[in-house]
Amino acid sequence: MAWDFSTEPEFQTQLDWIRDFVDNTIIPLDLLCEGLDQAQLDTLWAPLKEEVKKRGLWAPHLGPEDGGQGMGQLKLAQIHEILGRHSMAPEMFGCQGPDSGNAELLAVGATEEQRKRWLEPLMRGDLRSSFSMTEPFTASSDPTEMTTRAIRDGDEWVIDGHKWFASNASVADFTLLFCITDPDAAPHQRASMIVVPKDTPGMTVVRDVGSMSHPHISEPGTLYDRIGGHSEVVYENCRVPLDHMIGEPGEGFLLSQKRLGGGRIHHAMRCIGQGQYAFEMMCERAASRQTKGRALGKMQMVQDMIAESYTQLETARLVVMRAAWAMDQGGDHGSSARTEISMIKYYVPKLTLEIIDRAIQIHGALGYTTDMPLEQMYRQGRALRIADGADEVHKQAMARQLLKNVEPVEGWPSEHLPTRRAEAEKRFGAQIAAVRGAKAAAE
Ligand SMILES: Cc1cc2nc3c(=O)[nH]c(=O)nc-3n(C[C@H](O)[C@H](O)[C@H](O)COP(=O)(O)OP(=O)(O)OC[C@H]3O[C@@H](n4cnc5c(N)ncnc54)[C@H](O)[C@@H]3O)c2cc1C
């Protein structure tokens, strides 16, 4: 395998521009946006999005046939790392979740007519979407156990069920709903993916659930609506036309896997951006804050934190680049890079939280306050150990793959030293004895 860590000069120019745009436009602008409604935000954001489009950076996660840039996961990793510095940055580049993952799903599974209706406006940023799989009363780490049903009645699907944590559902124009359409089929062929447009009778957004990142329970759509809340939604006799199904009946699991492959790697890429941002704050503080007549950075325990954080960041970056490369090589939306994707999905958020935690520590009381972005980064970062698959589930998936081709052995383990020595004796015994004998004769 050839490893090449260089960046093409033209692409580096783009990366430098993105970094400047995020740090010097998006972050300061967002500091003043508290309390603005969606229409006001759209007014402020429109010229920024135009600028991104003009530079050929809009929707970098999609192929050109779907209106994106088709730059591949490796370049995308470098872009996402910078966008990860602020939660609003992906919105300005048309690659914010859950829309980005939903666009990837539609790009794979939608018909021409469905693409025109949902994918193209989603791509342009004219529609918002949500993705709804998780249920409050089902352990949703295992999607084969879901209970939300869609039953065919004439030319309609009739949906009944209870979902939650559908991010953005309260502000979305449509939801991609994962629901069981054939409970008697094999576990991974029971579910389908159905588009439910906003305001469809029978679909009720009960609330946006309060969470660590958005601590207050609220009326639907009023909770920090520019990145959406995590909505609880009830479906009762909710009817949509048959042509709202994406893909074939029974393909829900397959389609959601394709969607989640991209989403998971993008989360990990953006996590590195959060870790890098925290690391920069940590270093600045270590160099600036004086105690006992010396900068904090002169203290060995602080130096340990800095060295440890830098090493974690660099390792995380490498495993993410490796996974991005594997995804590009496979060309199959991550199906053949599942182990690498699961690895970075659990590993990178964990490291990032540790780095943010150290940055908080080095800032002392200030780090714990809302005067610094660190406390919010910590609260938001915690979600990623659960969202898009809990750590344990990814580790389990990895171990399953890693053990798939390992043959069990009977008796002693294959590296049992007495057994190996006996085998070696058969192959090399005479040769070794001859060497020993020659030495003894010479003496
Ligand atoms: C911020 C955020 C945003 C989200 N956005 C969305 C969204 O847009 N759409 C959506 O559908 N869902 C969303 N989710 C939900 C998320 O995908 C689920 O929470 C996740 O899949 C876990 O399901 P669960 O909560 O039902 O946990 P459960 O399945 O009940 O699992 C609980 C815990 O049990 C352990 N566990 C589970 N399975 C195993 C196993 N096999 N081995 C060992 N331990 C195990 C894990 O520690 C796990 O955290 C979001 C979640 C968060 C936090």
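This briefing walks through one predicted chain, from its overall layout to single residues. The model is predicted, so local features need pLDDT of at least 70, side-chain atom pairs count only at pLDDT 80 or more, and totals for chains, interfaces and linings use all residues. Residues are numbered from 1 along each chain as its sequence is written. The chain has 443 residues, and buried residues make up 41% of them. Buried means that 20 or more other C-beta atoms lie within 10 Å of a residue's own; exposed means 12 or fewer, partly exposed is in between, and C-beta atoms are placed from the backbone.

**Overall layout**

- The C-alpha trace spans about 100 × 70 × 40 Å along its principal axes.
- The secondary structure comes to 13 helices and ten strands. Helices (H or I, at least four residues) and strands (E, at least two) are DSSP runs, numbered from the N terminus.
- Take the contacts between residues at least 6 apart in sequence: 72% of them join residues at least 24 apart. Two residues are in contact if their C-beta atoms, placed from the backbone, lie within 7 Å.

**Domains**

- The chain divides into domain 1 (9-110), domain 2 (129-246) and domain 3 (253-404). These bounds come from an automatic or database domain assignment.
- Between domain 2 and domain 3, the C-alpha centres are 29 Å apart.
- Ten residues of domain 2 are in contact with ten residues of domain 3. On the domain 2 side, seven of the touching residues are nonpolar, three are polar and none is charged.
- Here Ala, Val, Leu, Ile, Met, Phe, Trp, Tyr, Cys and Pro count as nonpolar, Asp, Glu, Lys and Arg as charged, and the others, Gly among them, as polar.

**Around the ligand**

- Which residues come nearest to the ligand? They are Met133, Ser140, Ser141, Ala390 and Glu392, out of 21 residues around the ligand. A residue is near a molecule or strand if its C-beta atom, placed from the backbone, lies within 6 Å of it.
- The shell holds eleven nonpolar, eight polar and two charged residues.
- Domain 2 and domain 3 both give residues to the shell, so the ligand lies between them.

**Strands**

- Strand β2 (residues 149-153) pairs with β3 in the antiparallel sense, over five bridges. Two strands pair if DSSP finds at least two bridges between them.
- Arginine 149 stands opposite aspartate 160 in β3.
- The hairpin of β2 and β3 has two residues between the strands, and glycine 154 takes a positive phi near 60 degrees there.
- β3 also runs antiparallel to strand β7 (residues 230-241), joined by nine bridges. Histidine 162 is opposite valine 234 in β7, and valine 158 is opposite arginine 239 in β7.
- Strand β6 (residues 203-209) and β7 form an antiparallel pair with six bridges. Valine 209 has histidine 230 in β7 as its bridge partner.
- In a regular strand the side chains alternate between the two faces of the sheet.

**Helix α11**

- Helix α11 covers residues 374-382, and its buried residues are Leu374, Met377, Tyr378 and Gly381.
- Why do the buried residues of α11 line one face of the helix? Seen down the axis, they fall within an arc of 100 degrees, so they line one face. The arc is that of the directions from the helix axis to the C-beta atoms.
- An α-helix has 3.6 residues a turn, so residues three or four places apart point the same way.
- The cover over the buried residues of α11 includes α7 (252-288), α9 (338-363) and α10 (365-368).

**Two loop residues**

- Alanine 383 lies in the loop between α11 and α12. With 17 C-beta neighbours inside 10 Å, alanine 383 counts as partly exposed.
- Leaving aside neighbours within four places in sequence, alanine 383 is in contact with Met212 and Ser213.
- From alanine 383 to proline 349 is 34 residues in sequence and 8.9 Å in space, C-alpha to C-alpha.
- Proline 136 sits in the loop between β1 and β2. Is proline 136 buried or exposed? Proline 136 is exposed, because 11 other C-beta atoms lie within 10 Å.
- Beyond its neighbours within four places in sequence, proline 136 is in contact with His162, Trp164 and Glu232.
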